[in-house]
Amino acid sequence: MNPFSSGTRLRDMIKAIRACKTAAEERAVVRKECAAIRSSISENDQDYSHRNIAKLMFIHMLGYPTHFGQMECLKLIASAGFPEKRIGYLGLMLLLDERQEVLMLVTNSLKQDLGHTNQYIVGLALCALGNICSAEMARDLAPEVERLLLTRDPNIKKKAALCSIRIIRKVPDLAENFSSPATSLLKEKHHGVLIAGVQLCTDLCKVSEDASNHLRKNCTEGLVRILKDICNSPYAPEYDIAGITDPFLHIRVLRLLRMLGHGDADTSEYINDILAQVASKTESNKNAGNAILYECVETIMGIEATSGLRVLAINILGRFLSNRDNNIRYVALNMLMKAISVDSQAVQRHRTTILECVKDSDASIRKRALELVFLLVNDTNAKPLTKELIDYLEVSDQDFKGDLTSKICSIIEKFSQEKKWYIDQMVKVLSLAGNYVKDNVWHALIVAISNAPDLQGYSVRSLYKAFQLSSEQVSLVQVTIWCIGEYGEMLVNNVGVLQVEEPMTVTESDAVDVLESCLTHHSTDITTQSMCLIALLKLSSRFPPSSGRVKEIITTHIGSVVLELQQRAIEFNSIIQRHQNIKSSLVERMPVLDESTFISKRAGSSQANISTEKSNQQLPSGASLKLSNGVAKPAASPLVDLLDLSLDDTPVPTSTSNDFLHDLLDVGLTNSSSSASGTDILMDLLSIGTPVQSNTTPENGSSIKAKPNTATVQVVDLLDGLASNGSHPGAQSPVHPSITAYQSSTLKITFSFTKQPDKPQVTQIHATFMNLSSEAYTDFIFQAAVPKFIQLHLDPANSNHLPASGNGRITQTFTITNTQHGQKPLAMRIRIAYKVSNQERLEQGQINNFPPGL
Amino acid sequence: MIHFVLLLSRQGKVRLTKWYSPYSQKERTKVIHELSGLILARAPKLCNFVEWRGYKVVYRRYASLYFCMCIDADDNELEILEIIHHFVEILDRYFGSVCELDLIFNFHKAYYVLDEILIAGELQESSKKTVARLITAQLVETALMFNL
């Protein structure tokens, strides 16, 4: 006998491993065992193969790699005896998963075992198939499983039913074959078979509409009878759990009835009675009873129930909600979210209890309760609810604060009817959790303030007060700085004092103090510091006596190492020193931002974001290609460079709404200005460039940052000769002939070109894709790569579905900038990926036939 | 459906895993690691449901072992608690007052029991008596077993 054969028994190996004190020891033992197993396998040692696989499974559970044992499992499965097959199948299910190709080799053994005479072996095969079969295996072996559904042995029947569930999940097309055997299963008496049968029917309904109708017509009666029987049955020791006969069967039948009754009034009526019976009769002092009641309530909510039944359901939920058991309360909160759509009044009655749950010590319950509260808010209860939530915000955990803050902000925004209340609440939230507040939220606050002239004095004073207390909240600081800059004189002169305000005196130097402290504080970030600088400039105009002090403060930053701050400091300093005459008009009150355009822009750009993000996700990773449908560098467009708007290297597909508002708030720094809609900004600028009015004193003319929402004035000046070209890029007639860029037996691509006469390096290409085959293409993605001296910017295609035989076309536009225009011609490599009947195809090519002069 | 079953000891050691959804070996280790961190850190009085990656994980602690089952978001969590208890009671009946050591040294038998209770992530048999009978019958089939 080989001295290296695995002499240790399984038990001894486990003992040895458990006795190891360190990880290194354990590894050594495992290594030794693995070596022994490996040599035993290579010698084809029949006697110990059973033991080897058992050991391998244990080693696998510890986390070590065990691939070498996979073939051994297959050998064991193919052997004749029951014990070997059993451990072989177990090893198979543990060591392999369905994605491995090795699994296919088992198909033949499985087929033979499914037809075996020994019923336990058939059971083993069904179990293995049901747990890990892949789609191909499912297709191959489905007929065998169908046959087994009709045997008499209940053990085989129930296993075959569950195996069929897996088959139809993997291959939904096979569902029709299983419809009629499934219905016959429902007539059985054996509970195991019934449970499996009901589950099979439920999955059939999910997968196939026909099966659903078939079941609805033929089986509803039978199901109700089953439910009645077990509901009314006397004590049955075999199935009894906590005084209820077979709660599992209860629950599954209820679920199937829900699927059948959903959307169908007749069926719903038919099952009304039994549902009422189950709902009222089931005792709820044990978990089993509660599980049944839970399922019953779900079913009532899911079908077209009578109002009496609905009331019953909501009462049950109310009882659950006041139960002391955390699980029950969690489940109740979950269900109440669905119940809102059914009967929101009833749910509103439980509002106080739900609010209590928001403060619960259990994180899962808090989360559910918060979402439920959010759904419950309406105009009448918005104010007290918000107050409660803000009070809780003060004491909540750190990880919960983020969620809570964003929910509170959405509520405030949606339901604020008066501006004053909105401003009050926002100031409170900013003071408590400013660091969790998203940028667009406090931008909206600023828009609101600028639109409410009578409240501006009040706002700036409240912010000032709040700032004294909570200056570590960044968003609060930023809003305060902006407001002090804009409305500083209201603060100092107590303009527009409302009745409810306490008297407060703030001197000019106090205001400047605030800004100075922000500027010099060690933890202030660059954005805030930049905002401070511009606010100081504004104050130097509004508070002439403090101008000297302001100048000193600004001068200290002339030598700052941060480019942005240095630039601002130098410019502002020069304004204060030398341009006294235009200073006041430079820093006049900011023009009012139109709220409706702001809101629609935000909605529009967030939609644009969604589409660019979606198309971004379609792309494969790893780009040596300049990717399509996404966001290439808009720096390619000379216009954007001129305006110095987007300085990013990496595209930022989010927060486009912040573009113009950032500019407005003078926060347009490298990180925050987004490049995702470089074109958006352009359109804004260009579209308001049409009514040309010349004006020699633009506001903020010295600042390079453009304000797209303000007067057309400075835009025209800046754009200077470009504005006269009109607002549409690429509106010119084509001056270059179209080419067929690429043609294969299945696809044809044509390019047509447009150029603008003043931009010889830039070409717009309109690509048209045509499907030459007889099958439609889906998920159509076009990608292009260009040499280094060319820059490429792709716009999204108009669709990614290409009908067959040229019945429809996809068009896509992209812009090319040839930095070596006139010296080197254009060249491009393209790659097209699409799906034909669920198979992926790829076509590649090179385009060299660009017309000269591009 | 139940996506996987996981038995963890208090120290985070895996005692049993059964996967009903496709997870590669790498993904499995990652999942186990994540869930151990999540579940073992929970205080005792909290509810037995954890939301994780869009699924729900129902767990229950029996002595030193955590029995975890991962289900879809729309499944009945209370029923899964019952299924876990069903499994534990059958193990108890089979091993005679089961403890963690039994599950360590006889893990393959624990798997056999699990295979009689769940297939394809769904419940197979609600009668403890039937399950016990089937297991014993298969034991007889393998009675000519050699020493493991």
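Predicted model: local features only at pLDDT ≥ 70, side-chain atom pairs only at ≥ 80, totals over all residues.
Residues are numbered from 1 along each chain as its sequence is written, chains are lettered from A and ligands numbered from 1 in the order in which they are written, and side-chain values use heavy atoms, with hydrogens and water left out.

Chain A holds 36 helices and ten strands, where helices (H or I, at least four residues) and strands (E, at least two) are DSSP runs numbered from the N terminus. Of its 854 residues, 54% count as buried, a word that stands for under 20% relative accessible area, with exposed meaning over 50% and partly exposed what lies in between (1.4 Å probe, protein chains only). Among contacts in chain A (heavy atoms within 4.5 Å) between residues at least 6 apart in sequence, 67% join residues at least 24 apart.

Strands of a sheet pair through backbone hydrogen bonds, either parallel or antiparallel. Here two strands are said to pair if DSSP finds at least two bridges between them. In chain A, five strands make an open sheet in the order 3-4-5-8-7, with antiparallel pairing. Strand 3 (736-743) and strand 7 (790-794) of chain A each have a single partner strand, so they stand at the edges and one side of each is left without a neighbour in the sheet. On average, neighbouring strands of this sheet are turned by 25 degrees against each other, direction ignored; axes are lines fitted to C-alpha atoms, for helices over the stretch in contact, and angles run from 0 to 180 degrees between N-to-C directions. Strand 7 of chain A is joined to the antiparallel strand 8 (residues 809-818) of chain A by five bridges, and A:Leu794 has A:Phe814 in strand 8 as its bridge partner.

Another open sheet of chain A consists of three strands in the order 6-9-10, again with antiparallel pairing. Its edges are strand 6 (778-785) and strand 10 (839-847) of chain A, each with a single partner strand, so one side of each is left without a neighbour in the sheet. Neighbouring strands are turned here by 15 degrees against each other on average, direction ignored. Nine bridges pair strand 9 (residues 828-836) of chain A with strand 10 of chain A in the antiparallel sense, and A:Met828 stands opposite A:Ile847 in strand 10.

Turning to helices, helix 26 (residues 474-492) and helix 28 (residues 526-542) of chain A pack at an angle of about 15 degrees, with their axes 8 Å apart. These two helices of chain A are therefore roughly parallel to each other, since angles under 35 degrees count as roughly parallel, over 145 as roughly antiparallel, 65 to 115 as roughly perpendicular and the rest as oblique. Among the residues that meet are A:Ile481, A:Trp482 and A:Glu489 in helix 26 and A:Met531, A:Ala535 and A:Arg542 in helix 28.

Two single residues complete the picture. A:Ser450, found in helix 24 (residues 439-450) of chain A, is buried, with a relative accessible area of 7%; leaving out residues up to four places away in sequence, A:Ser450 touches A:Gln456, A:Tyr487, A:Val592 and A:Leu593. In chain B, B:Val31 has its place in helix 1 (residues 25-40) and is buried, with a relative accessible area of 1%. Apart from neighbours within four places in sequence, B:Val31 is in contact with B:Phe4, B:Trp19, B:Tyr23, B:Trp52 and B:Arg53.
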